[in-house]
Amino acid sequence: MKLDSLIPAPLRKPAKPGEGNGAKGAAPADLKTAPPERPSDAQRLGDKAKDAPADVLAWVDQRTAATGFLTGMLYRKVPKGTNWFYTLGSATLFAFIVQATTGVFLAMFYTPSTTQAYASIAHINNDVFLGAFVHGMHKWGSSVMVILIFLHMGRVFFFGAYKYPRELNWIIGVVLLILTMTMAFTGYLLPFDQRSFWASVVGININGTGPVVGPYLSDFLRAGPELGATTLSRFYAIHMLLIPGALIALIGAHLYLVVKLGTTAPPWLKADRPKIASPTSQLNGRG
Amino acid sequence: MTRRRAFTIAAQGLGGIAGAAIVLPAVGFAVAPIFHRGKERWEAVGPVSDFVEDTYRQVVFTETEGIGDAGKTTAYVRRGSKQFGEDPNAMVAVSNRCAHLGCPVRFVEAAGNFICPCHGGVYDFQGKRIGGPPVRPLDQFQARIRNGQVELGPRYSVTSQLEPVRARDPGEFTGGVWEYLYPPRPSTFPPPSG
């Protein structure tokens with residue numbers, strides 16, 4: 001067992017009675033006739049080094065049983081006719097990962113304060129090494145993510161992939177769409193320049209036009225009757241803590257259901273009918 | 001009731017209490033600003049002699065403190081006019097916040113109208129809507145005279161008949177049934193009486 005050589009001797013699974021080289025077991029049969037040829041130390045070291053990656057994986061796998069899950073997920077069967085349109089969901093996921101990564105690094109330089117937010121963004125864009133690039137990725141990437149979501153949604157709709165048994169995944173997808181739009185809305189205020197300030201004012205006022213709850217929703221978003229210092233901190237907290245957590249959890253559920261239920265064949269492919277032997281075919285001797 | 005069931009209920013109950021102990025304060029923390037009304041704030045914008053009754057003078061003052069220039073707002077101020085049945089010794093301060101979506105309107109002297117650059121809202125000399133998408137007249141600010149200085153205070157909204165009501169956000173109708181569909185927010189100040 002390659003695996004056993006990696007594990008410290010005291011932790012190894014004990015050999016069954018009558019097996020292995022234990023003191024109580026019988027000596028290997030071939031030992032009686034001729035001693036086995038011993039490989040040189042260098043040879044053994046080389047063999048061990050070659051086996052090391054597999055050994056590490058095996059060590060993890062024995063403790064997590066991850067390969068069974070990963071094999072099932074990565075080598076799952078996809079229907080005939082699967083095409084490039086099926087990659088839009090993965091593309092959206094990629095856009096999200098770009099947003100998450102660039103966002104983490106932007107947070108290292110950004111200051112969510114009404115007096116310093118604009119200056120910190122200017123600092124990122126003008127002074128920080130590759131700052132404009134990372135900020136640009138985040139800024140334009142948000143639009144890319146929204147566009148990809150709608151394309152993905154269109155694919156699912158026109159391919160009829162929202163139908164039984166995948167309705168729940170459609171619902172989760174719609175919640176993901178709403179959360180993504182909230183991300184785009186809250187992120188827009190963060191540079192705190194004239195454009196983002198007034199766009200947020202207008203956006204909050206549109207929220208407020210909902211009857212009965214609208215006015216309270218506006219006050220909740222602004223943390224008061226007017227857009228103020230707390231609004232920015234609030235949008236920042238929603239943008240980088242509250243919604244990303246929900247997004248990651250729901251993306252996990254979304255992917256789980258995709259793997260569990262599989263994907264649908266494109267609508268232009270007819271399902272294969274099982275061939276029914278006709279009386280004549282049997283007479284002709286053809287199956 | 002078996003012992004097992006009693007313990008199940010007790011464990012779930014304790015879990016619920018522990019969860020509520022975290023969630024309820026957090027939610028309260030987040031929604032508290034809805035119920036909080038800040039301090040009433042008045043700011044002098046110039047001597048009474050600066051203002052006349054037949055046109056507006058533009059003043060800029062701070063409405064929200066702590067966010068620098070972003071917290072400033074613009075008002076158009078004039079004396080009360082007998083032509084509209086107003087007290088000549090009182091001041092009228094019209095907000096430049098469009099009642100459609102909150103863009104800044106400007107007073108166009110030649111036309112005697114307020115015009116919004118965003119979506120073409122038009123208001124007459126008193127701030128009543130006469131065109132475009134706005135849903136009500138322009139907001140006003142409470143105004144008073146102290147030591148010969150005009151001071152502006154909290155914002156309030158008006159109905160289509162210019163009756164004062166509590167401040168509403170842009171896009172929200174005022175008057176009649178709308179007072180219930182867009183209820184006044186606890187964070188706003190009571191309108192001036194009369």
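**Close-up views of a predicted model**

**View 1. Strands β5 and β6 of chain B pair up.** In this predicted model, β5(B) and strand β6 (residues 113-115) of chain B run antiparallel and are joined by 3 bridges. Look for B:Phe107 here: its bridge partner in β6(B) is B:Phe114.

**View 2. An open sheet of 4 strands in chain B.** Now let us step back to the sheet. Its strands follow the order β5-β6-β7-β8 (chain B), and the pairing is antiparallel. Which strands stand at the edges? They are β5 (106-108) and β8 of chain B; each has a single partner strand, so one side of each is left without a neighbour in the sheet.

**View 3. B:Arg129 and its surroundings.** You can find B:Arg129 in strand β8 (residues 129-131) of chain B. Is B:Arg129 buried or exposed? It counts as buried because it has 20 C-beta neighbours inside 10 Å, and 20 or more is the cut-off for that label. Leaving aside residues up to four places away in sequence, B:Arg129 touches B:Ala99, B:Tyr123, B:Pro134, B:Arg136 and B:Pro137.

**View 4. Where chain A touches chain B.** Finally, here is the contact between the chains, with 24 residues from chain A and 24 residues from chain B taking part. On the chain A side, α9 (194-208), α10 (214-222) and α11 (229-261) each supply at least two residues. What classes of residue make up this side of chain A? There are 12 nonpolar, 10 polar and 2 charged residues.

Note on methods. Residues are numbered from 1 along each chain as its sequence is written. Chains are lettered from A and ligands numbered from 1 in the order in which they are written. This is a predicted model: local features need pLDDT of at least 70, side-chain atom pairs count only at pLDDT 80 or more; totals for chains, interfaces and linings use all residues. Two residues are in contact if their C-beta atoms, placed from the backbone, lie within 7 Å. Ala, Val, Leu, Ile, Met, Phe, Trp, Tyr, Cys and Pro count as nonpolar, Asp, Glu, Lys and Arg as charged, and the others, Gly among them, as polar. A residue is buried if 20 or more other C-beta atoms lie within 10 Å of its own, exposed if 12 or fewer, and partly exposed in between; C-beta atoms are placed from the backbone. Two strands pair if DSSP finds at least two bridges between them.
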